[in-house]
Amino acid sequence: TSELVDEAVPWIGQERAQEAARFGLAMEQSDYNLFVLGEVGSGRSTLLLQLMQGIASTRAVPADLCYLHNFDVPERPRALRMPPGQGRELRERMAALCQTLQREIPQRLSGEGYKAESERIQAAYKASEAKAYEALDAFAEARHFSLYRESGHLVFTLVDADGKSLTEGEARTLPKERRQEMERDEQALRAEIDRFLEVIRPLERTMMDALVALRRQLAKPLLEREMQEIRVGLKKQIKDTFKLGAYLDQVQHDVLGHLELFTTLEDEELESARREALQALLQRYTVNLVVDNAARTGAPVIVEQNPVVRALFGGIDYQAEEDVMVTDFTRIRAGSLLKAHGGFLMLHLRDLLADELVWEKLRRFLRSGRVQIEEPGSAVMPMASVAMVPEAVDAEVKLVLIGSVEQYYELQEADPEFARRFRVKVDFAESFAATDETRRGTAILVAHTCRSLGLPQFSAAAVAAVIEESHRAVDDQ
């Protein structure tokens with residue numbers, strides 16, 4: 001059999017099953033999933049996997065899948081499909097953008113042009129504010145009050161003819177008429193202070209708006225240049241082109257709205273808080289590439305040996321911080337259904353029936369064709385600070401379900417709706433007629449088995465002995 005190890009393993013005596021499998025795998029319409037019937041050891045899993053890999057190698061590589069920050073509703077991250085390889089490129093370009101912003105924006109906001117213009121804006125505000133304050137101070141002085149600033153507040157005290165502050169006790173010793181006059185003057189001064197603040201606050205807002213506009217004017221050309229480079233680098237036409245463009249516009253708008261975070265502060269405590277806020281801001285611009293098909297050469301073929309909810313449908317990682325479970329869009333993980341998009345996924349019925357929740361979610365997927373990644377479970381949710389609900393994603397997957405004949409008919413009777421989703425039955429025969437072709441196929445199978453198990457190859461007589469034993473196994477005389 002050493003002469004046969006390079007030949008493909010044949011479907012020995014399973015021509016009808018092979019024809020059905022090829023038909024089912026080639027059908028692109030929905031609900032043409034495969035239910036493979038056969039006994040353990042019949043080669044049902046091995047042969048189907050071999051066929052799936054052969055067909056998948058001729059198909060196009062499916063799209064990458066990314067999750068992005070949702071600027072409108074952060075707890076509902078957006079899904080984005082990209083041509084294979086461009087998901088990784090988008091992730092790298094957005095990481096490079098964050099590095100560029102941290103390097104170039106502070107340089108632009110510390111340049112001589114910015115300093116001169118910002119000082120001019122602040123000087124204009126201070127001149128207007130000083131003029132209004134001078135009038136207020138004269139108003140207070142005319143009524144024998146001393147006005148001064150303290151911790152950002154306006155404070156006034158009553159003074160005598162010599163300009164010395166009067167204590168509360170000294171004020172009470174004054175004649176009644178004088179005290180009444182003082183109260184009237186105090187009320188008038190308080191009203192004047194309110195009018196002063198009404199004048200100053202709009203001026204202060206105007207100054208702040210002018211400084212914000214100045215920062216935006218300096219940073220906007222940088223952002224427009226970087227965003228254009230990203231768009232040009234991802235020039236392939238994709239289904240989600242509009243969604244990607246809208247996302248990049250929101251990133252630009254978000255950066256322009258937080259330019260103050262890029263300016264270093266002198267106070268150590270404030271500077272530490274600024275750096276933390278800046279890192280949280282830049283975290284929004286990362287790309288969570290949950291399915292990366294950059295290195296793939298054909299459609300995916302996945303065999304899910306542990307079809308629990310997280311492995312099959314994906315999940316969300318949580319981290320405990322101060323007794324609260326927190327997460328964000330970067331902790332979303334894809335399961336086998338999303339990874340197999342555009343290709344094939346093999347499952348064993350016995351594994352699915354062991355978990356009622358998996359079974360119900362799979363039925364829901366077959367009905368809708370969409371995968372909704374959900375929270376890890378109710379045990380975590382009471383401690384979670386935010387409920388993360390990622391955008392549901394379409395998954396075009398051909399399912400290949402492996403089971404026994406008994407399981408197939410039990411499923412047909414117990415859940416006919418589910419069974420209708422598997423319109424192709426691949427029935428492996430328990431026995432077949434012996435021919436020269438099946439005998440040669442058996443020899444090829446022996447050759448591959450010996451190689452995979454590291455055994456010596458068989459002689460022709462040894463293969464004949466195996467074939468003779470197989471006749472006895474099916475009571476053939």
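This is a predicted model: local features need pLDDT of at least 70, side-chain atom pairs count only at pLDDT 80 or more; totals for chains, interfaces and linings use all residues.
Local features here need pLDDT of at least 70, side-chain atom pairs count only at pLDDT 80 or more, and totals for chains, interfaces and linings use all residues. Residues are numbered from 1 along each chain as its sequence is written, and side-chain values use heavy atoms, with hydrogens and water left out.

Student: How far apart are the end C-alpha atoms of helix α1?

Tutor: Helices are DSSP runs of H or I with at least four residues, numbered from the N terminus. The expected span is 1.5 Å times one less than the number of residues, so the twelve residues of α1 (15-26) should span 16 Å. The computed separation agrees with this: 17 Å.

Student: Within what arc do the buried residues of α1 fall?

Tutor: Buried means under 20% relative accessible area, exposed over 50%, with a 1.4 Å probe and protein chains only. In α1, Ala-17, Ala-20, Ala-21, Gly-24 and Leu-25 are buried. Seen down the axis, with directions taken from the axis to the C-beta atoms, these residues line one face of the helix, because their arc is within 125°.

Student: Which exposed residues does the opposite face of α1 carry?

Tutor: The face in question is turned away from the buried side of α1. Its exposed residues are Arg-16 and Glu-19.

Student: How far is the sulfur of Cys-66 from the nearest cysteine sulfur?

Tutor: A disulfide requires two cysteine sulfur atoms within 2.5 Å, and a search of the whole structure finds zero. Cys-66 is in no disulfide, and its nearest cysteine sulfur, that of Cys-98, lies at 15 Å.

Note on methods:
Helices (H or I, at least four residues) and strands (E, at least two) are DSSP runs, numbered from the N terminus.
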